[in-house]
Amino acid sequence: MMRRKKPEDLREWCYPFIFETRLTCDYEILTDELCCHIGVVLSLLPAGFDEIRADLERLQPLIYHLNGSVRGKNGIFEQDIVWLKDRYSHYQQATSGRVNGFVLPRGPAPVPQLHLCRCTGKKIVRMLVRLEEEGRRFDETLPRFANVLANFFFVLTVFIKARLGTEEVPYISINY
């Protein structure tokens, strides 16, 4: 199988590692996608959600630190996990008892976009599992942070819907 070579014309080359066959590039693209999703959420966040805006603005650079932490040196530290867990707990306590099971991922903007962030966060966790399986070594803070991250986006959806007076729509599984 012939490997693609880096094009001479830089306009035909969207990312320095785009032609790699290892999963590292796929991981980096997923973390970039998540950072972009957060940008969309920030653009759609209604007035009066200043603390969420501040949290997401702090989170965006951390996502890019997460991005570079597999190929480069680690950029996610214990204090980042502690901060994110604290923010998660803050929003969870503010909405205590509102969600007691599965709910459908819907609601006014930016709730659906935050659910996309949540799903991309899960994909990042799965990609870290695959990278580890592939033999890539990285700090244990990465999967821990990524797991909290996915949960954080969910609790933000609950908080926003509560503040906007939007009801959660339960999902009742017929499978379990």
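Buried means under 20% relative accessible area, exposed means over 50%, and partly exposed lies in between (1.4 Å probe, protein chains only). This is a predicted model: local features need pLDDT of at least 70, side-chain atom pairs count only at pLDDT 80 or more, and totals for chains, interfaces and linings use all residues. Residues are numbered from 1 along each chain as its sequence is written, and side-chain values use heavy atoms, with hydrogens and water left out. A salt bridge is a side-chain nitrogen of Lys or Arg within 4 Å of a carboxyl oxygen of Asp or Glu. The whole structure holds ten salt bridges.

**Arg144 and Glu78**
- A salt bridge joins Arg144 to Glu78, with the closest N and O atoms 2.8 Å apart.
- This pair links distant parts of the chain, 66 residues apart: Arg144 sits in helix H5 (residues 141–164) and Glu78 in helix H3 (residues 78–94).
- Helices (H or I, at least four residues) are DSSP runs, numbered from the N terminus.
- Arg144 is partly exposed because its relative accessibility is 30%.
- Glu78 is at 37%, so Glu78 also counts as partly exposed.

**Arg11 and Asp9**
- Arg11 pairs with Asp9 in a salt bridge, the closest N and O atoms being 2.8 Å apart.
- Arg11 is exposed, at 76% relative accessibility.
- Asp9 is partly exposed, at 26%.

- Glu168 and Lys161 meet through their side chains in a salt bridge of 2.9 Å, N to O.
- Glu168 counts as buried at 14% relative accessibility, and Lys161 counts as buried at 1%.
- Elsewhere, salt bridges with shared partners join Glu20, Arg22, Glu28 and Arg71 into one network.

How values were computed: Helices (H or I, at least four residues) and strands (E, at least two) are DSSP runs, numbered from the N terminus.
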